[in-house]
Amino acid sequence: MKKRVVALALIAAWLLSSAALAADATPPDWLNTRPEDEVETGQDGPETEDTEETEKPEETGETPGSILISDQHTAYISGSGGQFRPGGSLSRGEAAQMIYRLLPQKPEMVTVSFTDVAGDEWYAQAALALGSLGVVRPGQTEFLPNEELKRSEFIRYLAYFSAPRTDAQPFTDVPPDHPDAPYLLSARAWGWLSGFEDGTARPDAPITRAEAVAMVNRAVGRTPDKSYVDSVQPVFYLDVAPGSWYYYDVAEASVSHEHTGSNGTEKWSGHTAAPSEIPDGYHLADGWLYCFDSGRGGMVRNDTAGNWTFNAEGHFTSGSDDLDNRLRWIVMNVTNSGMTQEQKLRALYLYTRDNFTYRRRPAYAFGVLDFMQKDALDMLSTGYGNCYSYASVFWYLSRWIGYDAAIYSGTVGNNRAPHSWVEIEFDGRNYIFDTELEMAYRKKGRYDVNLYKYIDVDGWHYIR
């Protein structure tokens, strides 16, 4: 208790000295956690996957120095609708709510008001409390809850709750007259912020939700127990893959848990399960297909569900990382979240029909079904393929968005020519999807041939 009183006294001294530290409160964010996030991915090829962050605080052996709650590890942020939005920008309302949940003592008196904060808003208590402490929007009449934060503003919020320090090397892109320079310097001295490899902090760059939880965890000395998280999987968001750099930080921030140790030695002894908002079944998120099964305890990993196989990250997989990345790129660039599942299917059918060139190759034996991975990858790599290649690509793409598609190696036409196509069941009836044959007729000027969701009633004679 005495330690807490001393810590609270430090806050008072910190706030009293804040005239020199924060004469102005602009909307900026924190530190860098992963410089590679700053690189825009192009739209002309497969996207790269998340990698481990390279910006990490040095192991100094010191306690973080913050008086925000660190002994009780309650959840201070959550997702919505089964998604966390790790790459989404952090709003001022969200940031205030995060820090409010970590206050060791809520202000008893509200001394400010904001014209744009109604009393029944979800962030109202947080906005008024932090405003009364002088942390957020000091001297301003508007809170601007939806404004996205920049790095330096979020660092300032956290730095208010620790004693100021100046014993660190300034960042090369933070001049001494920057309004948040003292906060950035103090954060670096405490080890919360180490910056990018080029020596910059990029104070005016937006902060993401993933970056924010990583920063808060550092500031209060919370270090996720990776072994516990891996074995128990206490939280699942469709857009937070186990292989992502922020996976463990999101678990630490969004799961209330009991623990022993801190600052690198934290061990979880139990947790409070949060109710899942994800219905059982298949879900497409961030270009990956997942399967959520509450009976199995959450996301299916390293296992099969129905006719799908899922890898360690919970992604539906073809068995080839190269092919998976190519298929995902197509789905992400050809479909969008505003489409229905069948609109996505149509878009992927047209993509397969129109983006490749036919090349004659030997036919497979009737009924053979071991060519899909090889032929799909070959056509996606070279741009050329035959009916088996076209069928393989569309088969994978339709399954990628949740259709239990079947592929066939059979014959078509009165002359029983070897051929391959895809079938999908709708309302108890199988429909044929033949991207290659429709493409071939369009090359001949026959635009009347439609083999999307086709019923074989006019003499095509598909035989499987």
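**A walk through the predicted fold**

Strand S10 is mostly covered: six of its seven residues are buried. Buried means under 20% relative accessible area, exposed means over 50%, and partly exposed is in between, with a 1.4 Å probe and protein chains only. Strands here are DSSP runs of E with at least two residues, helices are runs of H or I with at least four, and both are numbered from the N terminus.

The model is predicted, so local features need pLDDT of at least 70 and side-chain atom pairs count only at pLDDT 80 or more, while totals for chains, interfaces and linings use all residues. Residues are numbered from 1 along each chain as its sequence is written, and side-chain values use heavy atoms, with hydrogens and water left out.

Stay with S10. Strand S10 belongs to an open sheet of three strands, in the order S10-S11-S12, with antiparallel pairing. Strands pair if DSSP finds at least two bridges between them. S10 (406–412) and S12 (429–433) are the edge strands, each pairing on one side only. Neighbouring strands of this sheet are turned by 45° against each other on average, direction ignored. Axes are lines fitted to C-alpha atoms, for helices over the stretch in contact, and angles between N-to-C directions run from 0 to 180 degrees.

S10 and S11 run antiparallel and are joined by seven bridges. Ala-406 has Glu-423 in S11 as its bridge partner. The two strands form a hairpin with four residues between them. Gly-413 sits in that turn and has a positive phi of about 85°. Ile-424 stands opposite Tyr-431 in S12. Helix H13 (residues 387–400) packs on this sheet and touches S10, S11 and S12. Its direction makes about 15° with that of S11. Contact means heavy atoms within 4.5 Å.

A second open sheet of three strands has the order S3-S4-S5, and its pairing is antiparallel. The edges are S3 (281–285) and S5 (298–299), each pairing on one side only. S3 and S4 (residues 288–293) run antiparallel, with five bridges between them. His-283 stands opposite Tyr-290 in S4. Check the loop between S3 and S4, where Asp-286 is found. Asp-286 has a positive phi of about 55° although it is not a glycine. Its relative accessible area is 40%, so Asp-286 is partly exposed.

Next come the helices. Two packed helices are described by the angle between their axes and the distance between the axes. The axes of H3 (residues 92–101) and H4 (residues 124–132) come within 8 Å and cross at roughly 75°. That makes H3 roughly perpendicular to H4. Roughly perpendicular covers 65 to 115 degrees; angles under 35 count as roughly parallel, over 145 as roughly antiparallel, and the rest as oblique. On the H3 side, the contact uses Ala-96, Gln-97, Ile-99 and Tyr-100. On the H4 side, these meet Gln-125, Ala-126, Ala-127, Ala-129 and Leu-130. The contact residues divide into seven nonpolar, two polar and no charged. Nonpolar covers Ala, Val, Leu, Ile, Met, Phe, Trp, Tyr, Cys and Pro; Asp, Glu, Lys and Arg are charged; the others, Gly among them, are polar.

Follow the chain past H4. The loop between H4 and H5 (151–159) holds Arg-137. Phi of Arg-137 is near 50°, a positive value in a residue other than glycine. Arg-137 counts as buried, because its relative accessibility is 10%. Gly-139 lies in the loop between H4 and H5. Gly-139 counts as exposed, at 82% relative accessibility.

Helix H6 (residues 181–190) is largely enclosed by the rest of the structure, because eight of its 10 residues are buried. Among them are Tyr-183, Leu-184, Leu-185 and Trp-190. Just after H6, Gly-191 takes a positive phi of about 95°.

Finally, step back to the whole chain. Its secondary structure comes to 14 helices and 12 strands. Buried residues make up 51% of the 464 residues. Of the contacts between residues at least 6 apart in sequence, 68% join residues at least 24 apart. The accessible surface comes to about 21,300 Å², and 49% of this belongs to carbon and sulfur atoms. Accessible areas come from the Shrake-Rupley method with a 1.4 Å probe; for residues, only the protein chains shown count as cover.
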